[in-house]
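Subject: Structure handover

Hello,

Here is the structure for you to look over. My notes come after it.

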2 protein chains.
Amino acid sequence: MIESIITSLMDVDFYKFTMGQLIYKHYKGTKVKFVLTDRNNQRLALSINERFLREQLDHIRTLRFTMSEIHYLRGTNEYSERMFNEDYLQFLTNLKLPEFSLKTADNGGFDLEFYGNWEEVTYWETLAMSVINELYFMNELKNYSTLEHDVVFANGIKNLSKKVEDLTYRHNIVEFGTRRRFSKAWQERVLQYLIDERNVNLKGTSNTYLAMKHNILPMGTFAHELDQGIAGVHYNDLHKAHNELLEKWWEMYGWGLSIALPDTYTTDFFLENFSTEQAEKWKGFRHDSGDPIMFGYKILDFYKQCGIDPLSKLIIFSDGLNINTIHKIYDTFNDKINLSFGWGTNLTNDLGLNPLNIVVKVKESNGNEVMKISDEPKKNSKVSKETIKHYESSLGIRIQ
Amino acid sequence: MIESIITSLMDVDFYKFTMGQLIYKHYKGTKVKFVLTDRNNQRLALSINERFLREQLDHIRTLRFTMSEIHYLRGTNEYSERMFNEDYLQFLTNLKLPEFSLKTADNGGFDLEFYGNWEEVTYWETLAMSVINELYFMNELKNYSTLEHDVVFANGIKNLSKKVEDLTYRHNIVEFGTRRRFSKAWQERVLQYLIDERNVNLKGTSNTYLAMKHNILPMGTFAHELDQGIAGVHYNDLHKAHNELLEKWWEMYGWGLSIALPDTYTTDFFLENFSTEQAEKWKGFRHDSGDPIMFGYKILDFYKQCGIDPLSKLIIFSDGLNINTIHKIYDTFNDKINLSFGWGTNLTNDLGLNPLNIVVKVKESNGNEVMKISDEPKKNSKVSKETIKHYESSLGIRIQ
């Protein structure tokens, strides 16, 4: 067996815990299925030995949260007082990741599914993606000479240095690159550089393990997963599902984590259903699909209509950022609303090799096929016609 | 004190030993003075703390050849049978480097001199240069952030990779970069890359320690030092000095190390005084100054006049090579004579910072001021008018 890639269950995005506690409290026992999707159809099984992947995933199932890790989570106080309660922490202490189903598909990809209780299955998402990425790039480099290998990292260093030179302290940066990282070691190296650079205003990282290790803030709120999982629970009333998420989230975390992700059923739908009272209370929005400039103006208009000063609000941009889009967004909205940049793939996987475009998404919840309908049709889930029809009629929207 | 840079007396150019044995046998006790010259007048004392330099040089004086190092030298058989005899090896075993004289000069440089018995002083040359280079570049990088620091090495890796891509196995490469290396660690890293690259035909290294450690051939013959030291001994008959070197060298090493360095008193002078018999016996020449293409044609003409097939002979080019000059020389002479490339500064100090241009040369031998008159007037020693006059009259040449 090659070396274990994942060595701590904390090596996941922080939103797994913020969502995880809500799932544990309100939706325990809901059966969900997470599925790996390779948006580029790259026939990953030609690059990644199925046995190696299985060994890495099996190894993750042997991991447990350690006492110190639970201490760290219990001590997390930055968003609200003792945000993780003892029930949930006790649950994490006993957590063993559920089984997975892996086979090589006829198209050369992997059929990789995680089925089980939502509160347990959820942690697989970023772990599986991190492992697949690392095995993939390990294979890409396997016939490289030492010099060729080091040239890859030299490119990574130079590309990062160029980014750092192009940033100022006014850009609020959050490292969001766990799921698409070139490797665990490279993500950590990038993070160390950013911590060390004086003109980089690093607000935190999405990676809980690295946040803990490097004394920076773990950051994240919720993902489409939460919408989709709840949609399965209230499948016959998707409006209810949509509202319940926002209500229960506010109830659990209040202002501290009140960053809404509006593009599960398109941002237009979201804003129509977001009350002025909610808009006043919630801190802001995260952008994850569609044109970021159009999105920004849409949000500004929305706040204007609500009579809210956008300078009291925040947008976190997190959709395929690079230094150019960061500058464009910053220059457009800097004087209009508060900005943060959740920088992922292009930050932790920019070494000259093409990054993968994989996701691990909820496909089924409570026996129902679930989907997202984002601001970018390419990011929509592939689902049956019946499901699309159901979503259209239940939500009263048209799906492109 | 900062970490010791030199940790082995073997970390010198191999020619120190090949010359060293000849000096030990024939010129023991000759008083010589080696002097540091910074050809660029860079005011090194502003970059290098005099105390640090002194500590490093003091540390070198605490080093001794180890038993295994002496075993390695005794076992060196590649050029002639047991080329180092027991007298000399016994001398090395007991060697402690002699004192040095260091002070900061009014011009901001260092007055660094090594005076004493030639057979002992000689080893200081490349050691002093290696130490000064490493301290200088350490200082250049001292205010760099981790990322800026790593960008320097990323540039080094990429520059080296570019060179490697531009080489083929037909180019005979010898690593000659000890004296101008960015650092000891970087030289070793470059060497490891070159060893590992399949399309690089690495014949060996001038660095005895690295040759020993990495199982490659230590390479080198003699330097201007040998001419200059002997010139001081036979100061009133420089022709005799010149001839004695060649005779004693052949007597000691024969064909194996018979690479002549012809530019101590200009190549024209050398060739006029090199007999056809010598030309037939000696393996070839090393080029170290002046236009390499003109030099090559001059050597070809010389062999033609002697009735010798140049394809039985060798030129080692070693003067400020880069990938372009290597290609130019190779393309010009490849089908005419055997070629090797002794690649120094541009190989082991190409990381985006300007290399130093320092030398440590014999300035005085046996109480006489000595000089070299190379094919490139800029490389001539700075000496008194009287010395120039003496050399001109004694050798029957005009000095530019």
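Below are the notes on the chain contact, the salt bridges and the cavities.

This is a predicted model, in which local features need pLDDT of at least 70 and side-chain atom pairs count only at pLDDT 80 or more, while totals for chains, interfaces and linings use all residues. Residues are numbered from 1 along each chain as its sequence is written, chains are lettered from A and ligands numbered from 1 in the order in which they are written, and side-chain values use heavy atoms, with hydrogens and water left out.

**Interface**

Chain A puts 17 residues into the contact, and chain B puts in 17 residues (contact means heavy atoms within 4.5 Å). About 1,400 Å² is buried between chain A and chain B, 63% of it on carbon and sulfur atoms. Buried area here is the accessible area (1.4 Å probe) that two parts lose on being put together, summed over both. On the chain A side, A:Leu147, A:Lys158 and A:Tyr193 lose the most area to chain B, together 37% of what that side buries.

Two salt bridges are counted between chain A and chain B. The rule is a side-chain nitrogen of Lys or Arg within 4 Å of a carboxyl oxygen of Asp or Glu. B:Arg189 pairs with A:Asp150 in a salt bridge, with the closest N and O atoms 3.6 Å apart.

Which elements give two or more residues to the side of chain A that touches chain B? They are α7 (146–166) and α8 (184–196) of chain A. α7(A) gives the most, with 12 residues. Helices are DSSP runs (H or I, at least four residues), numbered from the N terminus.

**Salt bridges overall**

Over all chains, the structure holds 38 salt bridges. In one of them, A:Lys16 meets A:Glu225, and the closest N and O atoms are 2.6 Å apart. A:Lys16 lies in helix α1 (residues 15–26) of chain A and A:Glu225 in helix α10 (residues 224–233) of chain A, so this pair ties together parts that are 209 residues apart in sequence.

**Cavities**

There are four cavities of 30 Å³ or more. A cavity is a set of points, on a 1 Å grid over the protein atoms alone, where a 1.4 Å probe fits but cannot get out; lining residues have an atom within 4 Å of a point. Grid points are joined across faces, edges and corners, and a volume is the space filled by probe spheres set on the points. The largest cavity holds about 60 Å³ of space. Its lining residues include A:Phe222, A:Asp227, A:His242 and A:Phe270. α11 (238–253) and α12 (267–272) of chain A each supply at least two residues of that lining.

Best wishes

How values were computed:
On a 1 Å grid over the protein atoms alone, a cavity is a set of points where a 1.4 Å probe fits but cannot get out, and a pocket is an open set with protein on both sides within 12 Å along at least five of seven lines; lining residues have an atom within 4 Å of a point.
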